[in-house]
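Colleague: I would like to go through the labels used for this model and ask what each one rests on. Please set the values against the cut-offs.

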Amino acid sequence: MALPPPDPQFVLRGTGAAVHTLHFSCGNQEPDVPILFSGSENGFIHVWNLKTHRVDKTLDGHGGSSVYCVETMGGKNRLLSQGRDQRICLWDLAEGRTSVTNSVFTENVGFCRCALLKVAQGRWLMAMAAKAPEEVQVLELPSKTSVCTLKPEVGAKLGMPMCLKLWQHNCDSQPLLLAGYEDGSVVLWNLSMGKALSQLACHQEPVMSLDFDSEKEKGISGSSEKVLSIWSLNEQQNLQVYKTQKLVNAGISDITIRPDKKILATAGWDHRIRIFGWKKLKPLAVLDYHTATVHCVSFSDHRNPCERLLAAGSKDHRISIWSIYTQT
């Protein structure tokens, strides 16, 4: 018989608003404390100490506008945040500082989270939805140099980019971008040529979230529908449907594959977190704690597998922390 799903290991309260984004920084050695960054609808970024379960720092850089993306850049002292104020902020958090050192004005009014990829020591690529509704702009950070602007062909009618994922096969290969669009398509872009390599109609509705496993060259996406779409890249770099997975309830806000590629988690409009095996998409658990839409899910980067955590942020102002399927 299947075991009943666990309760959260603990719950973080005190954001004062809906939680839209989460990012762990736990890979450092002792005595460094594992931390979790959260971004909220009230414009605050909270830095949570996962030993004390309390907020160590509160960052305010988006003028009260909702924060919907937080990412670290090579360690927990350099942070990137994105808000509804159309700004992407770069933070210096070393030695107790809480200062914005640089920012990018996106001129985009959508909800599309930017994507980051480390390409060399101290150098990053960042993809973001551009000012023109259908375009994606790629910059190099920290220089903010423009790398390319990705424009769909005339008449493509993709609509706005909704979610982005930068990746590369290995550190020597060309960076590529996967973008989910308003019309339900997923498109693979070559950045050096600035052109689309492949396009696949994955959903009837806008793609709300996607993740990609670059080792297996297999990805997954969700929308407002009752279905997850799993797709893969063939040797000719063409996207093809691998399988679909029906859901009990419609609406996926976020999808993330655990770094070890064993399981994945989805954030549901039905207030639930669902866990699937990544190999065959076998449903493994339904985590039922939140009382409103779950907006985001994130796995921790603990080096020790048995310490790995899953965090979920919800419209109910709470962040639930789970220890699940930690035995490798």
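**Labels and their cut-offs**

Modeller: Strand S18 (residues 209-213) is largely enclosed by the rest of the structure, because five of its five residues are buried. Strands are DSSP runs of E with at least two residues, numbered from the N terminus. Buried means under 20% relative accessible area, exposed over 50% and partly exposed in between, with a 1.4 Å probe and protein chains only. This is a predicted model, where local features need pLDDT of at least 70, side-chain atom pairs count only at pLDDT 80 or more, and totals for chains, interfaces and linings use all residues. Residues are numbered from 1 along each chain as its sequence is written, and side-chain values use heavy atoms, without hydrogens and water.

Colleague: Which residues of S18 are buried on each side?

Modeller: Ser209, Asp211 and Asp213 are buried on one side, and Leu210 and Phe212 on the other.

Colleague: Why is Ser314 called buried?

Modeller: Ser314 has a relative accessible area of 0%, and buried means under 20%, so the label applies.

Colleague: What makes Glu95 and Arg97 a salt bridge?

Modeller: The N to O distance between their side chains is 3.0 Å. A salt bridge needs a side-chain nitrogen of Lys or Arg within 4 Å of a carboxyl oxygen of Asp or Glu, so the pair counts.

Colleague: Is Glu95 buried or exposed, and what is Arg97 called?

Modeller: Glu95 is exposed at 75% relative accessible area, whereas Arg97, at 34%, counts as partly exposed.

Technical notes
Helices (H or I, at least four residues) and strands (E, at least two) are DSSP runs, numbered from the N terminus.
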